[in-house]
Each structure stands twice: as C-alpha cells, then as structure tokens.
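Hello,

Here is the structure I said I would pass on. My notes on it follow below.

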Amino acid sequence: MKQIGGGPLGEGFMTEQDKQPLHTDLKAQLDDVRQALGDSSDLVIRQLKAGQDGETDVAFIYLDGMVNPTIVYYLIQSFLVRSDRVDLNMTTNRTSDPGAWIQQLGIAAGDVQPLKRLDDLLHAVLCGKTALLIDGHEEAYAVCTNGWEHRPVSEPTSQTVIKGPQEAFTETIRVNTALLRKRIKHPDLRLESKELGVLTKTSAIVMYIQGIVDEGVLAELHSRLECINIDGVLESNYVEEFIQDTTFGLFPTVNNTERPDVAAAALLEGRIVILVDGSPHVLIVPSLFSELMQSAEDYYQRYDFGFSRFLRFASFFITLLTPSIYIALTTFHQEMIPTQLLISLAAQREGVPFPAFVEAVMMELTFRLLYEAGIRMPRAVGTAISIVGALVLGEAAVEADLVSPVMVIIVSITAITSLIFPNPEVGISIRLLRFVFMGLAASFGFYGIFIGMVILVMHMCHLESFGKPYMSPIAPVRLPDQKDALIRAPWWMMYTRPSLLHTNVYRQPPDESTEKNGGQDSSASQS
C-alpha cells in the first residue's frame, strides 16, 4: 500500500495557540474564539449572568444556521432556571468530576461533552454544537444542538426499481445511519467514526457487522483511510479514489449505492459500508465485477431463472463490441457478410465519404455530446433538445450522406445497452473501451478484436478489491457462490454467504430436507 498525500498540508493548519488549554478568564476565552473564527457574521455569543449570586459571567457560543434555535432557547432557559441552585464559583466549589458538574448545571440536552482545549471548542462549534463557557472554569461544555436544514429522504434517482423499497440516502450522515439501523436491528452492527480532510473535517463512518466481517479487510480499510491526507473531502468519490486498489484500472473496484437496502444486504454478506457526510452515495468494499451486474430488483421479484441478469451480461458485450464488429466486417471481412446484406450495406454507404471507423467515431462523439448536454441542461428545454438531437440531427446526417443509416442503428443500440447497468460507472468504463476496440478493429479486423478481448480478460482477472479476486466467483470458479453470480437462485437455496470473504458462512441453517422440499419445512410438508 503506497503512502497517500503528504507534504506541508499534512502538517496541519492549526496554530499552536489553538492547541493551548482554555483560559479560566471568560473574556480571554471569547477573544480567542473571535480571533480564531475571524469574528464571522454568523458567530453568535450570548453573555449572561447566572449562579446563586447572579454575578457569575457565562456565555453561550454557536453558529447561526448550524443549530436548532428552539433547542438553544430551551437550553439557555433551563440553564438559567437551575443555575441559581448551583455554586458556579470554582474557588468555593472544586470537583474533579466533570460529570458531577454537568449534573449540577442541569443542562437540558442528551449529549454534553467537556472541552479543555481551544481547538476542541472550535471544532464543536463548527459542527453545529453550542458551547457553554463559565467564568473561572478551565473547561467548556459542548451541547448537541444540531439543526441545519437537510434534504428529506426521497426516492432513488440513479438506481430505481419498480418493486422494492423506495428510500434513498441523503446528504446527512446521521439520517443515513438511521436508515441502516432501521433495517438491521442487531447489537453486532458496529459504527466507527473518522474525520477526513484537514480543513473540512468531514465525518465518515465505517459500518460492519461484528462476527461476519472479514477482519483482514477491515484492518486494511482502516490502514488506507488513515493514509488519506488532503485538505477537504466533499463527496464519497474522494475517499473511493484514495482507497481503491488500482488507480488506473478500467473498472470500479469500490462499489457505491444510494439505496439503503443494497447497503444493508452488503453488510449481511460480510462487507463493509463507508458513509461520508455530505454524500448521498455510500461505498461498499470489497466489490466484485458480478455485483455490478446485480440489481436490487433481482431479489424482490419472483425467481426468473436469471433472465434479467443474463440480459445485462449480454448488454456488456453488445455495447462493447457491436461498433467494432461492424467496422471489422465492412473493412476487412466482407466475405463473412451474406450477399444480400452486403449489397444493402454497400448501397447505403455509396455516398458516404468517410471510412466506417471515422463514421462510428463521429456518431459516438455526437451521442456523448447529446448525453452530457441532456444531463446539465435546464429541465424546461430538455425534451426539445432531445428531439432535435435524436431525430433532426440524425436524420439530417443521413440525408447529407455523412453517415449511413445502419451506423445510426448501431450507435442507437449501443447507447441503449450502455444504460442498462445498475451501476452507472460500468457504462462509463465500457464507453471508454469501445473506442479502443473500434481502433483495433479498424487496424487489424477481427484479429485486433480478439487480441483486445484477451488483454481485457487478463486485466480484469488481474484486478483485486482489498485483496479479493475481482472476477470471483467466475474466475477463479467458486461453485458454492454460483447461486448468485450469473443467475439468482431461490432464497431457500442461498443458505450460505459468499465464501470469498471467509466470514460466518451460513445465512440460515443448512437442512437437506429444506432443499428437497423446495424450501418448506419438512414437518409442515408431512402434516
């Protein structure tokens, strides 16, 4: 594992003053906070008098927009009501137990943490907490009052299903952990928090099920996360690029999903889920190629003998090889085309001034331009531009003899099949490879395509995801795992987890009578 990051960035942006213990003088504490935050306009400092004598200075510090105003109001109100019963003067009331102080202060909140350093105080305020400072105290208290606006749970946008849950992750990490907790109500579900990014201090959570997870993979993941040294992490892809096994691999070795049910299923198989605050997509490791062809709907519909999954594997080869096969046939291997079809193709290409390779590249690039424009254009004009691009532009290109009609059909087929994959990143990889195979077909014909396929298979078999073979269980062949690879066997047959992860193997107790009776209990069948 190579060292990631480094340089002056990793030495930190925190000054020595920020790392110093808090002053006992309230005024000095507030001056340090104002100076550290640049006296920002959203910084709110409420100074009050409290205590039995009503003369002890206290201050509440928070950032406007990062807290829930109602919670802060009740926090201040409850503190003032009960503070007259407590001696806030440290000279007469000394105790070494912070918990006793918190209990005496009567802070109406579920999460209260004592703070002893300025950097801890700043971090708590920047995370949306309210800090309580008391004159004469060398400790401050951080109270959880988070309340910023966030997007509610909605339907998935990139991994939709007809039958199944219609919930998607949001940009708030605690909402996402709750969505997974709701599905896996077991005490062995573990959450380990981390902070990534020197400046952003983005919260990240590693989730796994103790007793099922592969401890070796978990240790390797922690090692890679510790090596991340960057100023900011704004989305889960930042983490994905740092922890993936191969930087320049053609296929994603870290899976991602926006569906809580998919993440929960991965946890139950022994995999690890990584949640990053601010991202609605979570990461799943280790990831295998066969998983990229699996849709959540495969497990929610009646067993269909793997027909839908077979279509995805067939689409992989259709979208990858169809243009290159057409180029090879029309350029080098015309004798392989039936006579009637060859005459029809020759008639269509009679007025086209470009070779088949240039024709295919022009159409592929045109489709990519339309695809990118369709994603980023305003929704009000999206339909109109799609009609102009798909119908007017394509028909005009054929009428002007710039491309042949059959090339328009081929590009349309490849465009449709490239969008069938549940993970959109697979389509991106195949679109890049398509140009490589088109160049090989234009240079060497079917020989070039064959050589390209051999190299591609060798590359895919060489890939690993956290030390696990990327093409497993196809290569190397693992017979117990074939029940959920090219096909999806009925649930009563899939009583084992993937053997690749070396985890707690059984999902359900293996019972020979269960298999023989089609998944029903033997006693029930006898009755």
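Phe 450, Ile 451, Val 454, Ile 455 and Met 458 together make a nonpolar surface patch of about 520 Å². Please keep in mind that this is a predicted model.

The structure holds three cavities of 30 Å³ or more. The volume of the largest cavity is about 230 Å³. Of the 18 residues that line the largest cavity, Glu 269, Gln 294, Asp 481, Asp 484 and Pro 498 are the closest to its centre. By class, the lining of the largest cavity divides into eight charged, six nonpolar and four polar residues. As to how such spaces are found, rolling a probe the size of a water molecule over the atoms shows where empty space is left.

Last, a residue at another place in the chain. Ala 36 belongs to helix H1, residues 26-36. With a relative accessible area of 36%, Ala 36 is partly exposed. How far apart are Ala 36 and Leu 118 in sequence and in space? They are separated by 82 residues in sequence, while their C-alpha atoms are 9.2 Å apart in space.

Regards

Technical notes:
Residues are numbered from 1 along each chain as its sequence is written. This is a predicted model: local features need pLDDT of at least 70, side-chain atom pairs count only at pLDDT 80 or more; totals for chains, interfaces and linings use all residues. Side-chain values use heavy atoms; hydrogens and water are left out. Helices (H or I, at least four residues) and strands (E, at least two) are DSSP runs, numbered from the N terminus. Buried means under 20% relative accessible area, exposed over 50%, partly exposed in between (1.4 Å probe, protein chains only). Patches are made of residues with over 30% relative accessible area and no salt bridge: like charges are joined within 9 Å, nonpolar side chains (Val, Leu, Ile, Met, Phe, Trp, Tyr) within 5 Å. Accessible areas come from the Shrake-Rupley method with a 1.4 Å probe; for residues, only the protein chains shown count as cover. A salt bridge is a side-chain nitrogen of Lys or Arg within 4 Å of a carboxyl oxygen of Asp or Glu. On a 1 Å grid over the protein atoms alone, a cavity is a set of points where a 1.4 Å probe fits but cannot get out, and a pocket is an open set with protein on both sides within 12 Å along at least five of seven lines; lining residues have an atom within 4 Å of a point. Grid points are joined across faces, edges and corners, and a volume is the space filled by probe spheres set on the points. Ala, Val, Leu, Ile, Met, Phe, Trp, Tyr, Cys and Pro count as nonpolar, Asp, Glu, Lys and Arg as charged, and the others, Gly among them, as polar.
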